[in-house]
Every structure is written in C-alpha cells, then in structure tokens.
Amino acid sequence: MKFMISTYATQADYDAMGGKAAADAEWTPEDFAAMGAFMESFNRELDESGELVETRGLDAPVHTRRIQLKAGLPVVTDGPYAETQEVLAGYWIVECASFDRATEIAARLSTIPGPESVQGRAYADVRPIVESRAELEG
Amino acid sequence: MTEPRLEDLLRPLAPQVLGALVRRYGHFDTAEDAVQEALIAAAAQWPADGIPANPKGWLVTVASRRLTDLLRSEQARRRREDEVTEQVLQSDRVASAADAAADYADDTLILLFMCAHPSLSQASQIALTLRALGGLTTAEVARALLVPEDTVTRRISRAKQTIKESGIGFRLPSKAERADRLAVVLHVLYLIFNEGYVSTAGPSLQRPDLAAEAIRLARMVHGLLLDDAEVAGLLALMLLTDARREARTGPGGELVPMGEQDRRRWDGVEIAAGIELVDGALDRGVAGPYLLQAAIAAVHDSSPSADMTDWARIERLYDQLALISDTPVVALNRVVAVAMARGATSGLELLATLEADRRIAEDHRFYAVRAHLLEMLGRADAARESYEAAATRTGNLAQQRYLRARAARI
C-alpha cells in the first residue's frame, strides 16, 4: 500500500536555506551540504529497498498561484501564502508493507541535519493514499 | 578589450534567461527586472571573479533569486495594503496542451512577439525590445535613443503594465495572427535600425550602435525563421544599407548622395551576405516589401559605379513594390528609377500622374524629384523654382541647405 510523507516550510525557511540571514535560523554552507547529503542517501536507500515510488521538492511558496471560482469565473491569485505560513515543501510517495513501516521511514526525517532552531520545529506527516474512487467510496 | 567580449557573451543570453524565468515563474514584468539586475551583476562580478563555467546557469540562478525577492516584497506590500491581487483567468490562457506543444519552439521568439505587441506604443515597443531582447541597460537604451533615462524607464514600465493588464500569455501568437504580428516585430527592428542609421547627431562614442544592434536582432530572428522571406529580406536590407555607411558622410559630416559615394569604401562582406540572402529569399516565391527593398539595395550595391547601375531592373522592382506598398516615398523612388532607366521625360510624365495624390503633392520630396528631373533636361529656371518649392516645404535645415545649393549650382 502507498503512503505520502510530506514536509513543510515557510517562505522564511526557503530564504534561510538560500543563504539569507534570518531571525531564528542561519544555514551555513556546511548545514546545507549536510542536508543535501542526507537527502541523497535517504532517497537512495528507499530506492534500493524498492519502497520509493516518487519524491519531489517544491519551489518557494512565493511562486504559488491559487485558482478559485469566484462569481462563476476562475480567478488566479499570485502568492496567496503569508511569509510565516507553513506550506508543503516536499513529498515522498512510498509503497511499503504497513502504516507503521511508512511511519518508521518518516521518522528518519526527524534527523535531517540543519540549524537547531529549524530541527526543533520541523515535522513530517504520513498519510495513506487512496488508490481509487471505489476505495474512497467503499 | 575584455569588456566588449563580456558584452558579446552576456547580451545574447538575455532573452534566453528571461525566457527560462517567465516559463517557470510567469510574471514577465518582474522577471524582466530580475534579469536586468542579473546582467548588471554579471557585468560587475565576472571581470573580477572570472566567467562562470555555465554563464547561462549562473544568470538563471541569480535572476531567479532576485525574482523571488522582488515577488516577496511585492506580495508583502500588497497584503499590507490589503490590495486585491486577483485576476480572472482569461479564456485564451486556457489553451489545449497539444496546441501549445506544437509551437513550443523558442522563448526568444515569444519574447519578441511580446515586446512588439500591437497594444504597446511604438516608443515602448522599441525601448522594451532593446532592453528585454537586446540586453541593454536602461541607461544604454536612453543613450542610444538620445532621450533621458527617466523617459525610457517610463516607457518600459508602461509597456509592462499594458502587457500585464491585457493578460498576454507567454506563448507564440496563433497561426492566424502570426503573419500580422511578425510584421510588427519586423517593423520594430526596422525602426531601431533606422534610428541608428539616420541620426548622426549625438556623442557617437558614448552611443551604443543601434544599427548593429538591429542587425544582431534581425540575424537572431532570421536564425529562428530561416524560411521566412521577409525576415531574410529585412536582414539583407539592413546589411546592404549598413554596407554604405562609411561612404555616406563626407569629411565635414555632410551627407553624400549614393551616386557620388566612393564605392571602394563600401563594406564588401556585408554586401556579399546581403546579396546571398536576397537571392535565396527571392527563389522562395512572392516577395514582400522588405525583400523588394533589399533586392533594390542589392542592385545598387553590386554595381561597380553609379553609371553602370541596372536601372531597368530597379524600375521593375519598384513596379512590384508600388503594388504592395502604397507610400509617397515608394512612388517617388519609382519615378526616379523610371527617369534613370528611360529618361527624365518619362520620369516627369509619371510624376505628373502622382500630383493628384495630396500626400505626395505636399511632400517636399515631390518637388525635389521634379527639380532633379528638370535639371537633367536642362530646364534651369523651372528646376530652380522646384528646388525652392522643395526647400520651403521641409523643416530640416540640412535639407534646405542641400536643396538651395543644388539650385545655385545650375
């Protein structure tokens, strides 16, 4: 069965990762390199165990367009998120034996290297994926 | 000597970097500013730090970062001011993917169509094209056009506002619109060339060479649309005209008419390239106005002396041009060609038939041509009278002096 593991970040987190001085978190080039190395080996292991379906990271929240129907017309809003709002930053789709196994995988993400302040508030979510309409309605 | 080489590297990358940004992030207006800043940063840093291994990648990274910053502060300001940031998704932006994929061709071309959008003023089209496509800074555009920098800034921001408001998407115009839109693009390039070619005023050392820039852009468009005869024609026309540039002015900066130019000073390389383009394009069927003008220029440029000019061929080309391009200049040039090919009397007869057209009869060039033909026939008094009539109808002092000098010389 498939699960989605997702991580979250604010625009400020993206800025900080880009090397911009931030109020509570300073990413040094070493931090950033360590995170990259962690992600590479994390993904490689998942791939080798056959559990990785797909993983993607998303660009900064500022590059978001929101589309809503208003008065019957599709309306586009650029940059709908506030600077401090945590939004989806990346995800993994894994196929594994159980929710518990998926949770184990997600738990490893809590050891992502980075500034302490970021580690303190970072989190990952795990949710089962609904494979079909029948499953949803069933 | 490193500076011009850096420019040669940077400027062709400008539209590629802008295209990459707009494709990924949208926001043409802000992205264009971000690219401009990245280019300026490169010009400042590369001479000291060395040119990066992947110059385009460097520019895309720096411009993307800058775009993110600009968007953030823009969005923050809007939220602070509680400004509505919504726009209705226009139905023409909901195009089918298949249709878009077929013409996914080239960002540079899309940018050209955007900058030369018919809803922009001509002045804005020129300024925006020079900056977004040519990679010139605002200050350079201002110097090139001999206008204050503020004026260029205003023209560019107005153009971007118009583009934003009209919701012009980042895509090629539909097949149905393509020909008309391309004509506007070519006209903008032609105006840029003319601006560089005609005006001899201003501190030329400080002035980016607009004729060369127009040729560079036309070459780029030709590279993208090799089969288009009008694009080839425009590029050829520019090359064949630019080839005569050196010989065009005398030692005192005065204009030298083509018949009196020292042809040894013409640029043989440009002439050869122009003629090759004309020959290739003429083989492809019906010729448009740029190609016909280029073909006429090619006849002049390939003639060893003014006396040996094949005026009969020029006359035939003007006959064709007059059918598709009904302007006073074309009509009067055709009169000159007829006079040179068949004699001044034939020219005067044709000229008489144009008198009914008010646009032509009020133009000083009408009287200048008549004066010239009368002079050829030895009718001195009538010629002098016509030169004077021409001189009183032009506001240009240099032209007045030239015409009155001709009259005095008879």
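Rings of Phe, Tyr and Trp (its six-membered ring) count as an aromatic pair if their centres lie within 6.5 Å, and planes under 30 degrees apart make the pair stacked, over 60 edge-to-face and the rest tilted. By that rule, a search of the whole structure finds 7 aromatic pairs over all chains. Residues are numbered from 1 along each chain as its sequence is written, chains are lettered from A and ligands numbered from 1 in the order in which they are written, and side-chain values use heavy atoms, with hydrogens and water left out.

**View 1. A stacked ring pair in chain A, formed by A:Phe3 and A:Phe99.** The ring centres of A:Phe3 and A:Phe99 are 5.3 Å apart, with 15° between the planes. Because A:Phe3 lies in strand S1 (residues 2-9) of chain A and A:Phe99 in helix H3 (residues 99-108) of chain A, the pair ties together parts that are 96 residues apart in sequence; helices (H or I, at least four residues) and strands (E, at least two) are DSSP runs, numbered from the N terminus. A:Phe3 counts as buried at 2% relative accessibility, whereas A:Phe99, at 38%, counts as partly exposed. Here buried means under 20% relative accessible area, exposed over 50%, and partly exposed in between (1.4 Å probe, protein chains only).

**View 2. An edge-to-face pair in chain B, formed by B:Trp46 and B:Trp58.** The ring centres of B:Trp46 and B:Trp58 are 5.1 Å apart and their planes stand at 75°, so the pair is edge-to-face. B:Trp46 belongs to helix H2 (residues 28-49) of chain B and B:Trp58 to helix H3 (residues 55-80) of chain B, so the pair joins parts that are 12 residues apart in sequence. B:Trp46 is buried, with a relative accessible area of 3%, while B:Trp58 is partly exposed, at 21%.

**View 3. The largest nonpolar core and B:Leu59.** This core has 103 residues, and those with the most contacts inside it are B:Phe28 and B:Leu59; a nonpolar core is a set of buried Ala, Val, Leu, Ile, Met, Phe, Trp, Tyr and Cys residues joined through side-chain atoms within 4.5 Å. Helix H11 (residues 229-242) of chain B gives the most to the core, with 10 residues. Not counting residues up to four places away in sequence, B:Leu59 touches residues including B:Leu10, B:Val17, B:Ala42 and B:Trp46, where contact means heavy atoms within 4.5 Å.

**View 4. B:Thr129 in helix H6 (residues 122-133) of chain B.** B:Thr129 counts as buried at 2% relative accessibility, and a polar atom of its side chain lies 2.6 Å from the backbone oxygen of B:Gln125. Leaving aside neighbours within four places in sequence, B:Thr129 is in contact with residues including B:Leu112, B:Cys115, B:Val188 and B:Leu217.

**View 5. Stretches of chain B with pLDDT below 50, including residues 93-105.** Chain B averages a pLDDT of 87, and 91% of the residues score at least 70. Residues 93-105 of chain B have 11 contacts in the model beyond near neighbours in sequence. Over residues 200-206 of chain B the pLDDT also stays under 50, and the model has 4 contacts for them beyond four places in sequence. Where pLDDT is low, the predicted coordinates should not be read in detail.

Note on methods
Predicted model: local features only at pLDDT ≥ 70, side-chain atom pairs only at ≥ 80, totals over all residues. pLDDT = per-residue confidence, 0-100. Polar contact = N/O pair within 3.5 Å; in protein donor to acceptor, adjacent residues only side chain to side chain.
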